[in-house]
Amino acid sequence: MGDWITQSSQLIASVEEPHGADSHGGDHGDGHAWVSWEGLLVYVAIVVGTLFVLMAQAKKGLNNRFFTNKLTQLFEQVYLFIENMCVGTIGAHGRRYVPMIMTMWMLVFSGNLLALFFPTSPTADLSFNLGLALVSVAYVQYEGIRANGLFGHLGHFAGPKLGGFLALLISPIIFVIEVVSELMKNVSLSLRLFGNIDGGHRAAEAMNTLGAGIYVPFGAFLLPIKLLTVVVQAMIFCLLTAVYLSLVTHHDDDHGHGHEAEAGHAEVAPAH
Amino acid sequence: MTGHIFGLGIGLAALGVGIGLGMIGNGAMQGMSRQPEAIGKIQVAMLIALAFVELVCLLTVFIVPGSLKI
């Protein structure tokens with residue numbers, strides 16, 4: 001584990017090397033646009049500022065009857081999409097987690113959208129994605145503890161309830177494996193987003209190099225598939241968070257679970 | 001020399017992941033065509049499976065260069 005971290009940090013260092021001492025701001029030259037953290041904060045500020053202004057405008061259109069503000073209607077649709085996803089994945093109590101998941105969706109989505117126009121973006125940077133994944137997994141733990149209590153949540157890690165001698169033998173092993181897999185969720189969430197967005201950049205660069213001899217920017221033809229990636233990756237990030245939440249917050253009683261799933265289905269149906 | 005091995009590793013990973021993604025798409029499309037009313041649920045499950053499979057290829061990109069340095 002430690003060895004792997006050392007290796008990946010060496011990898012990152014070797015990626016950073018070409019910039020040398022002049023690594024402030026974004027390097028938009030050849031190779032990878034790996035920005036310093038001040039440069040990253042500029043992009044984060046663009047994303048967060050845009051979202052803040054849009055949401056503030058949309059909030060003005062809120063009223064008790066119906067929304068006439070176009071922006072409010074747009075965000076209502078986004079909300080319905082996220083709510084549908086949460087209720088469909090987690091069950092009827094999934095509506096409680098919509099604010100956090102919608103925040104993540106908008107952050108990842110606008111970060112990905114920024115990656116279409118700029119050489120780098122918050123979500124094309126491993127550190128930002130790792131932070132986002134840490135927040136996501138920490139939130140899952142928080143909700144798990146809130147739903148089942150601290151010991152109930154830790155009990156989830158120990159696998160099924162076994163009796164007597166078997167519990168002493170197997171439960172610690174399952175516990176360790178589950179904790180490791182919980183930690184690996186950070187890695188998988190962040191690497192997936194980073195690999196998809198940054199990989200899109202590198203593919204575009206490689207195709208531009210291909211067409212450089214005849215002055216045709218082949219990389220531009222990748223835009224449609226990158227646009228698909230933008231939507232799908234934002235959705236997958238939130239969907240996986242919702243799946244982790246559903247794994248952690250479900251209650252052990254069986255009849256209640258079935259009832260919840262049924263109620264969730266009934267809620268989903270009219271929105272389609 | 002290591003560059004060649006690196007390329008081979010990525011290529012092999014891409015080969016396996018391509019087969020895996022194709023099989024997921026195949027299964028999902030067959031399921032959707034047989035049961036169009038379940039398209040929403042099948043799509044969600046398909047996207048999750050796609051995400052897990054393509055992570056393998058991305059992990060190869062990160063791990064192969066690191067393991068070659070030993």
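1. A residue is termed buried if 20 or more other C-beta atoms lie within 10 Å of its own, exposed if 12 or fewer, and partly exposed in between, with C-beta atoms placed from the backbone. Tyr215(A) counts as exposed because it has 6 C-beta neighbours inside 10 Å. Tyr215(A) sits in the loop between α6 (165–210) and α7 (223–249) of chain A; helices (H or I, at least four residues) and strands (E, at least two) are DSSP runs, numbered from the N terminus. The phi angle of Tyr215(A) is near 55°, a positive value in a residue other than glycine.

2. This is a predicted model, in which local features need pLDDT of at least 70 and side-chain atom pairs count only at pLDDT 80 or more, while totals for chains, interfaces and linings use all residues. Residues are numbered from 1 along each chain as its sequence is written, and chains are lettered from A and ligands numbered from 1 in the order in which they are written.

3. Chain A has an average pLDDT (the predictor's confidence in each residue, from 0 to 100) of 79, and 79% of its residues score at least 70. Among the elements of chain A, the highest mean pLDDT, 92, belongs to helix α4 (residues 98–117), and the lowest, 43, to helix α8 (residues 254–271). The pLDDT is below 50 over residues 253–272 of chain A, a stretch with 20 contacts in the model beyond near neighbours in sequence. Here, two residues are in contact if their C-beta atoms, placed from the backbone, lie within 7 Å.

4. Helix α3 (residues 70–90) of chain A packs on α4(A) at an angle of about 120°, with the axes 10 Å apart. Axes are lines fitted to C-alpha atoms, for helices over the stretch in contact, and angles run from 0 to 180 degrees between N-to-C directions. The residues in contact are Tyr79(A), Ile82(A), Glu83(A) and Cys86(A) of α3(A), with Val98(A), Ile101(A), Met102(A) and Trp105(A) of α4(A).

5. The axes of α3(A) and α7(A) come within 9 Å and cross at roughly 35°. Contributors to this contact include Ile82(A) and Cys86(A) of α3(A), and Leu239(A) and Val243(A) of α7(A).

6. Chain B contains two helices and zero strands. Of its 70 residues, 7% are buried. Among contacts in chain B between residues at least 6 apart in sequence, 81% join residues at least 24 apart.
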